[in-house]
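Morning, everyone. I'd like to walk you through one structure, starting with a pair of helices and then moving to the sheet. Please have a look at it first.

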Amino acid sequence: MFENLIFEDPQFFWLLLLIPLAVAWYIWQRNRQTAVLRISSIQGFKANPGILGKLRPVLFFLRLLVLSLVITALARPRSVDVSTRSSSTLGIDIVMAIDVSASMLARDLEPNRLEATKNVAADFIKNRPGDRIGLVVYAGESFTKTPITSDKSIVLSSLEDVKYNNVLENGTAIGMGLATAVNRLKDSKAESKVIILLTDGMNNAGFIEPKIASELALEYGIKTYTIGVGSNGTALSPIAIRPDGSFQYGRVPVEIDEDLLKEIAQDTGGKYFRATNNEKLEEIYEEIDSLEKTEIEEFKFYNYEEKFRPLILLAGFLLIFEVLLRFTFFRSFI
């Protein structure tokens, strides 16, 4: 009943200080009007005072209640219902291109490179409420997992489904992954277009050269952030598949074409990052998040419902009731 109740003019509550003053005045006046008669004995006075005389103060307290209700009504109680609407003033369209080759199962990140990437990317997506995001996966070839959309639940669900399988040709086609991401963004009308390309290897597959793909990104005004994932030295990586379908792991040198990734980022106005562990990967996505901010304008709508009218009506009813009592039942005591 009192949820979201506010008072528009709470300064009127200072008038409630009149109530204790009125009570003190009433007591003083009543004592002043009571006559004192000194007699030796009251045995001859057997009559009991009527009940109306005992209830006489009810009239005064009714008036105090009326006064309290009127003061509360003057403070203008009202309930408020607040609704909000957000409007992006600078929209950003983002495509995340993720390497899903077998080497992404290396365990130098916990639990492996691919799962660590998915976990951090999911947090990144949740923190971009005003942007549209798409998802591209690539290995020896590439395809669009999710077109750019503002529905984050769809993107997160698709990201959760990303895993290594033998559907894609094995290898690392960086040029193909970048070109597919560019294709998803080239017709975008967003103020800013961004690709986040993540890989743990070198370009060794695909029929589109990374240089060509980065030139396309530049032509369409698409900024590209590149991330190289993998520790320095060697990492425990898949080296063979057992008869039961599970991977056999061994120590494999980490080879990331950092020069290529730096060139792609520099040519398109982006930045290159190296993630050697889980913490560094999280920091990279946080930095990209801070570099590519979306300005969101929030509008608030207030719906007020005035609550003073019932108080005034109740005060009027009690005042009329008090007057009727004063001139009927209590008439002889005034």
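Start with how α7 and α8 cross. α7 passes α8 in a right-handed crossing; that word means the near helix is turned clockwise from the far one by less than a right angle, and left-handed means anticlockwise.

A word on the source. This is a predicted model, where local features need pLDDT of at least 70, side-chain atom pairs count only at pLDDT 80 or more, and totals for chains, interfaces and linings use all residues. Residues are numbered from 1 along each chain as its sequence is written, and side-chain values use heavy atoms, with hydrogens and water left out.

Back to the pair. Helix α7 covers residues 210–219 and helix α8 covers 258–268; they pack at about 20°, with axes 9 Å apart. Helices here are DSSP runs of H or I, at least four residues, and strands are runs of E, at least two, numbered from the N terminus. Axes are lines fitted to C-alpha atoms, for helices over the stretch in contact, and angles run from 0 to 180 degrees between N-to-C directions. So α7 is roughly parallel to α8 (under 35 degrees is roughly parallel, over 145 roughly antiparallel, 65 to 115 roughly perpendicular, the rest oblique).

Who touches whom? P210, K211, S214, A217 and L218 of α7 meet L260, E263, I264, D267 and T268 of α8, where contact means heavy atoms within 4.5 Å.

Now the sheet. It is open and mixed, with 6 strands in the order β5-β4-β3-β6-β7-β10. Two strands pair if DSSP finds at least two bridges between them. On average, neighbouring strands are turned by 15° against each other, direction ignored.

Take one pair inside. Strands β6 (192–199) and β7 (222–229) run parallel, joined by 7 bridges. L197 stands opposite T226 in β7. Helix α5 (152–161) packs on the sheet, touching β3, β4 and β5. Helix α6 (174–185) packs there too, and touches β3, β4, β5, β6 and β7.

Last pair. Helix α3 (57–74) and helix α10 (308–326) pack at about 160°, axes 9 Å apart. That angle makes α3 roughly antiparallel to α10. This crossing of α3 past α10 is left-handed.

One last item, from a record. In an unreviewed entry, UniProt lists residues 12–28 and 311–329 as "transmembrane region". Residues 311–329 are 84% helix and 0% strand.

Notes
UniProt positions renumbered as here; feature names shortened; annotations may be inferred.
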